[in-house]
Amino acid sequence: MIDLNPPGPVPWICRTLERAGFETWAVGGAVRDGLAGRGTGDWDLTTAAPPEEIRRLFRRTVPIGIEHGTVGVLARDGTLYEVTTFRRDVETSGRHAVVSFAETLDEDLARRDFTINAVAWHPLRRCVHDPYGGVEDLRQRRLRTVGDPGERFAEDYLRILRALRFAGIFRLQVDPGTWRALVEAVPRMGILSPERIREELEKILSSHERPSAALSLYAASGVLAFLYPELDRLVGPLPEPSGHSHLLMDGWSHSLLAADAIPPSQWPLRLTVLLSRLGLPTESTGAGEEGLPPPERGRQRAAALLKRLRSSNARIARVAGAVEWVIQPPSADAPDPALRRWLAGAGRERLSDLVRVWIAESRVGGWPGGDRLPTLIHRLRRISRSDVPLSVGELDFSGRDLIRMGHRPGRYFGELLEHLLDRVLEDPVLNRRDVLEEEARRWIEQTQTKVKERGNVAG
Ligand code: ATP
Ligand code: MG
């Protein structure tokens, strides 16, 4: 007997199906997590009952994937449980499988990827059915494929990423045979869809206290070099002493530690940390490459990487934007105008992301400014919360005022408003309509004089 404490509906669903004559087991992630002593997520059931029978036996069902044999059973508490008819793979392609219904639990377990995922647990008898030794593997902290590892990876290359994720989360040693086959399969995983690759990365970041464990395996297996070559370049020997020589280890290791210092619920910031060093020079990136300064180069590379993964535009803007600003913090002792200009560039709305990343970096020694971080954060927050305008739209003066003054709208409006903002960032007391109107008049006069002078020279 092994007790896994499933939620009430699990034995209820099992009892209902078994009374109707259909063998039913709990399988997959919930059983594995329960056996490992971790909180369990979604409880999935596998049954001999065909989908029509499942739908007939329960009052409230949802056809989740009838063609794959999955019916959602809605419990009284509103939770949806996936009940899937025993299946076997008929055909595999390296990225998806054609399945058909199977007769037995054993057939169903045989198609599952790793032994720890191929343990069935009976919700009434409270015993396991474990033909591949998954319970023992969990105890021995070992990750093995069900069956021949080379064949199993070739059926679905996503299993490479799943293996690294499970090994990281459960601190498992990948069995030597499985590891060899995994490493050999890496160059063929190019057929996977970017969305599935991204989901795997996001699962590591969002569901794991220490994403560094699985991500280190990404590097060790060659997955990082294959899927994320620009990150793989950060792995390795220390960069030459430079402006960033406060790093005591290579950029990749530092980012991993900093990612661990951010809670899983804030996983987009973990992503930011991972990508934050993309613009910094490394041994293998020659100076002058692309001719961009590191912050912009970092933003470009981060955006390109996220675009490749088909991330949403909102996510790309948030993460790549933070990558640009997070590696160029202002000095904690900079004069007020400089801090205001910096914050106007970064954007008020981004400050909380940047602060969280800096704090994580400082916890692991990746912060260049010594013990001055609290001062910097305090000063930036005070500016951010004040009513000092940090963008043109926040000025007490706008294009409408220029029109009222009799000017025709044109491209110079933007330039002029930027100039006014710059003056106000220098000295916030200037943010008054009458003062800015006067300043605008002066600017226009000067510009016209300049244009005329240039015209004279040209003439
Ligand atoms: P998580 O939900 O954390 O990803 P999980 O093990 O529950 O972990 P699911 O994708 O929910 O993963 O799949 C449930 C079960 O289905 C797995 O435990 C495994 O038995 C099987 N399975 C899922 N994906 C595959 C795959 N690519 N190859 C073989 N079996 C798989
Ligand atoms: Mg699951």
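Reader: Which residues come nearest to ligand 1?

Author: Of the 13 residues around ligand 1, the nearest are Arg-32, Asn-117, Asp-156, Arg-159 and Lys-203. Being near requires a heavy atom within 4 Å. This is a predicted model, where local features need pLDDT of at least 70 and side-chain atom pairs pLDDT 80 or more, while totals for chains, interfaces and linings use all residues. Residues are numbered from 1 along each chain as its sequence is written, chains are lettered from A and ligands numbered from 1 in the order written, and side-chain values use heavy atoms, without hydrogens and water.

Reader: What polar side-chain atoms lie by an oxygen atom of ligand 1?

Author: One belongs to Lys-203, at 2.9 Å from a ligand oxygen, and Arg-165 has one 3.0 Å from an oxygen of ligand 1. A nitrogen of the ligand also lies 2.7 Å from a side-chain N or O atom of Arg-159. The cut-off for such polar contacts is a pair of N or O atoms within 3.5 Å.

Reader: Which helix gives the most to the shell?

Author: H7, with four residues. Helix H2 (29-35) and helix H7 (158-169) each supply at least two; helices here are DSSP runs of H or I, at least four residues long, and strands are E runs of at least two.

Reader: And how does the shell divide into nonpolar, polar and charged?

Author: There are nine charged residues, three polar and one nonpolar. Charged covers Asp, Glu, Lys and Arg.

Reader: Switching topic: how many residues line the largest pocket?

Author: It has 44 lining residues, with Asp-44, Arg-112, Asp-113, Arg-162 and Lys-203 nearest its centre. By class, 21 of the lining residues are charged, 13 polar and 10 nonpolar.

Reader: Which element gives the most to that lining?

Author: H7 again, with six residues.

Reader: Where does ligand 1 sit?

Author: In the largest pocket, meaning more than half of its atoms lie within 2 Å of the pocket's grid points. On a 1 Å grid over the protein atoms alone, a pocket is an open set of points where a 1.4 Å probe fits, with protein on both sides within 12 Å along at least five of seven lines, and lining residues have an atom within 4 Å of a point.

Conventions: A polar contact is a pair of N or O atoms within 3.5 Å; within protein, one must be able to donate a hydrogen and the other to accept it, and residues adjacent in sequence count only if both atoms are side-chain atoms.
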